[in-house]
Amino acid sequence: MDQRDFGLSEEQRDVRALARDFVDREVVPHAREWDRAEAVDPGIPRRLGELGFLGLTLPEAYGGVPADMLCYTAVTEELGRGDSSVRGIVSVSLGLVAKTIAAHGSEEQKQEWLPRLAAGTALGCFALTEPETGSDAGSLRTRARRATGGPAGTGPGGDWIIDGAKMFITNGTVADVALTFARTAEDGITAFLVPTDVPGFTATAIHGKLGLRGQATAELSYEGVRVPDSARLGGIGRGLGIALGSLSRGRISVAAGAVGLAQGALDAALGYATEREQFGRPIASFQLVQELLAESEVAIRAARLLTRQVAQLADAGVTPKEYATEASVAKYHASETAVQVSADCLQTFGGYGFIDEYPAGRYLRDARVLTLYEGTSQVQKLLIGRALTGIDAMA
């Protein structure tokens, strides 16, 4: 049995096989081109939607696909193996936005957004990080205030005016809806579903990134953006809790993607090591090369099992708040594993790893950001440490 199928049901293995075939046919052959162009083929989201990958775990009533979190991680692992930029489309639009709407949205919001998000005809972005606010999500400066005039007037049910900026937002330039977190009082943050075609909203592409070059990353600006109260997601002042719960779910996806990236790097290193000859024999026959390969295999297996463990907790009905520590453990270990394995992959390639004719450099560049977004490795350690000791080192 393929070790990657360990613990999966027959149905889950079939979905993984579908994802694997899609990646091998429609992603891997183009990943270098997308990296160079700093843009993924714009037709990819619709293709992901056609295959059901953007609707996994969402209710069928809204165009979703019946699946559990374990199945979802199998798919995101395969997408991460092919190109982290493609995996990011699913992790954000489905994992952070659509799933959050499904969990906290009104019936009207679900009907409006979920069918299109599931089909890939619309994409979402998760607008939390700001130019001055990263790990400290509670100190957001973007503000939403009640409108003082206009057709909706003031008071309960009136419009909101949003002003501020967001930074490093995945899908930012291609999203149709921005799940936006804004301060609505000195002690409260509220979530809003902001259509990206409203006046005052602009998205500016960020280029020159070290990795994830194919991914649409943007800075967002809100200048007097006006939305109705029906765009509010959840209660006033409940946004931070919604964001943190979404990130706990999202870390499962990032962990799975990191496992896939590491697996792709190891596969590339194995292929090269068995073909490349030095001193009259394949370099795979040298002990120190085998050491790199063996250590990578062990680390990947451990990361995969940690990721699937937290996915199984979610499938068992455990809430994001309750499995938050397990999600941090999986995300921390898997992202650091991806960095180490991709570095060892490049070492195996030697000088050829430094040119983009080979994938080693792209794997390493893409892996590095996994230790930064959706909670840095240092933040994950502090969250794990708090769970162990009962002491909040970030207080």
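This is a predicted model: local features need pLDDT of at least 70, side-chain atom pairs count only at pLDDT 80 or more; totals for chains, interfaces and linings use all residues.

Modeller: Happy to! Residues are numbered from 1 along each chain as its sequence is written, and side-chain values use heavy atoms, with hydrogens and water left out.

D35 belongs to helix α2, residues 31-37. Helices (H or I, at least four residues) and strands (E, at least two) are DSSP runs, numbered from the N terminus. Once its neighbours within four places in sequence are set aside, D35 is in contact with R213, R362 and R365; contact means heavy atoms within 4.5 Å. For charge counts, Lys and Arg are positive and Asp and Glu negative, with His and the chain ends not counted. The place of a charge is NZ of Lys, CZ of Arg, CG of Asp or CD of Glu. Over the chain there are 39 positive and 49 negative side chains, and the centres of these two sets lie 3 Å apart.

Now step back from D35. The chain comes to 11 helices and 10 strands, and 53% of its 395 residues are buried. Of the contacts with a separation of 6 or more, 72% are between residues 24 or more positions apart. The C-alpha trace spans about 80 × 45 × 40 Å along its principal axes.

Two loops deserve a stop as well. Most residues other than glycine have a negative phi. T57, not a glycine, has a positive phi of about 80°; you will find T57 in the loop between α3 (44-50) and α4 (69-82). N171 also has a positive phi, near 70°, and sits in the loop between β3 (160-170) and β4 (177-185). As for cover, T57 counts as partly exposed at 27% relative accessibility, whereas N171 is buried at 2%.

Finally, the cysteines: C71 is buried at 5% relative accessible area, and C345 is buried at 1%. A search of the whole structure finds zero disulfides, a disulfide being a pair of cysteine sulfur atoms within 2.5 Å.

Terms used: Buried means under 20% relative accessible area, exposed over 50%, partly exposed in between (1.4 Å probe, protein chains only).
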